[in-house]
Amino acid sequence: MPEQPCSEAKLIRRYWETMFKTQLFVRVMRAIRRSLGIRSTTASARCVDAVRSYLARSYPHADPKRILGIIAMHGVDRIPLELLIGGQQDDPSSAGAEESLGRALTSRRGRYGDPHPLFSSAFYEWNNPDVAASGVAPWLHYQVFGHREARSPHPLFDPAYMSQWLGEASSRTVVDEYLRTPEYWSIVTSPYLDSQRFLLEAESNVEIPPPLRILSEAHPEAWLSFKLMLIDAASPDATIARFTGAVFLVSRHPDLPWRRLATWSYSTGPSAGEADGGRFTVVPGYLLASEETVISQIGGEAASPDLTIVRLETEYLGLSGLSWEHVDRLVFVRSDLGRSRAEQLIGHETRTVAVAPRSAAQGRALSSLVSRLGLANVLVLPYGLQINIESEKLVVVDDEPSAIESWSWSTPAEAATVTFVIPSSEAVDASTVAEIDAWLSRGASLLTVDEADLGLWPHLLDRSHVVVHPSLIEQTRMLVDGRSLRLLASGSAS
């Protein structure tokens, strides 16, 4: 007889039974370990103690080869998880343990990447301002002090939350205890990580803890509550908002070598005009910020399109790099642009110009215009992707777009001068199709386009009447003279 699917109630009951058994099991195992006096008796634990003892003696300096030597002396098969060092001991490549240790001991704000997927230098410094101010490598501070002070090495480890499972006595070393004890891997390390369900559905693995396995998955969002993170990041409690925003950013981008977590406060600066330049963090279509303050923002979305910046109650929080592109002029566009205005902004410049478009469609049209005009000095920045720009001048464009008249089917125009432009992906209502067919029978033209491919659009430049579907109007403004442009609207006057 085929197995019947579990009802929702049964699944909920099974989940809570698993949670109860897990918590009971953890507490029993912990009591047994205490009663037997089991502590730092395995080769792995003795290795960790020896490495940390050496790091404490040599602090704030250490030699990667000496650390590897200590590990080799203890005869362990692999580097203990508590040390948070990636790679194999005998691997001389950039993926090996010696390279990871080199990054760990010399890194400031993740400059060369993090030494292990479960250690975030950017998060550790941001969450511990005293470490950032000291100039000590975050990993080194954690191994000497942080691991016994309940400091979290990664946003997916919440020591206070984990201590609910292991008891208050272990709250200061809870991350260590979790990493060294596979029996504890069934506990939940963060309220945003569904490790219980992961363990029920994933294949068993006694060598890799669930957070590490989840972060290495192609789609970690199956086990990480990113939507809940963004909801909590909007909390009026600044502490909760900041911490949750950091959890979202670092866990959403586990493999990118971001240098630091930065905050930008809201401002009431000028929304448009020209100003002196400086150093700016730019997400075209979302945000323009100086090193500490937001200059201009577009819309109220919870996160930037590339998910590297989140909007909090009183500020923005984001992952930021330390590399900079240098230009003479930065143009941040907040509004629609007509062809003449776009040419005014970029067409007469001989210096280097970077333009941040307000949308993907505007970006494609700007790129087409730049190519047609042969402007090698103009860089159109990719919509929605964060970039750092250093410029001599800043221009914020927030023009009031001119109204576009709707096309009237009774317009007294020669059919040969009329071109209808509709997207291949949009449906057009039957009455409009019939009207277009009537004009086509008299000699008008029809251009069906893919909005992402502007190859055919230059053919529109010499037409007297260009009638455009509303979904294409933003990019058409920059390719067609405004006097020739008309809007194709359902129910246009006949």
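Author: Gladly! Keep in mind that this is a predicted model. Let us begin with two helices: α14 passes α15 in a right-handed crossing.

Reader: At what angle do α14 and α15 pack, and how far apart are their axes?

Author: The angle between α14 and α15 is about 65°, and their axes lie 11 Å apart.

Reader: Which residues of α14 and α15 meet there?

Author: From α14 come Arg 339, Ala 342, Glu 343 and Ile 346, and from α15 come Leu 366, Leu 369, Val 370, Arg 372 and Leu 373. In this contact of α14 with α15, six residues are nonpolar, three are charged and none is polar.

Reader: Now the sheet, please. How do strands pair in general?

Author: Strands of a sheet pair through backbone hydrogen bonds, and they may run parallel or antiparallel. Here, seven strands make an open sheet with mixed pairing, in the order β4-β3-β2-β10-β7-β8-β9.

Reader: Why is one side of β4 and of β9 left without a neighbour in the sheet?

Author: β4 (294–297) and β9 (378–380) stand at the edges with a single partner strand each, so one side of each has no neighbour in the sheet. For β9, strand β8 (residues 353–356) runs parallel to it and is joined to it by three bridges. Val 355 is opposite Val 380 in β9.

Reader: Where do the two helices lie on this sheet?

Author: Helix α14 (residues 339–346) lies across β7, β8, β9 and β10, at about 125° to β10. Helix α15 (residues 360–373) packs on the sheet too, touching β7, β8 and β9, and its direction makes about 155° with that of β9.

Terms used:
Residues are numbered from 1 along each chain as its sequence is written. This is a predicted model: local features need pLDDT of at least 70, side-chain atom pairs count only at pLDDT 80 or more; totals for chains, interfaces and linings use all residues. Side-chain values use heavy atoms; hydrogens and water are left out. Two strands pair if DSSP finds at least two bridges between them. Helices (H or I, at least four residues) and strands (E, at least two) are DSSP runs, numbered from the N terminus. Contact means heavy atoms within 4.5 Å. Axes are lines fitted to C-alpha atoms, for helices over the stretch in contact, and angles run from 0 to 180 degrees between N-to-C directions. A crossing is left-handed if the near helix is turned anticlockwise from the far one by less than a right angle, and right-handed if clockwise. Ala, Val, Leu, Ile, Met, Phe, Trp, Tyr, Cys and Pro count as nonpolar, Asp, Glu, Lys and Arg as charged, and the others, Gly among them, as polar.
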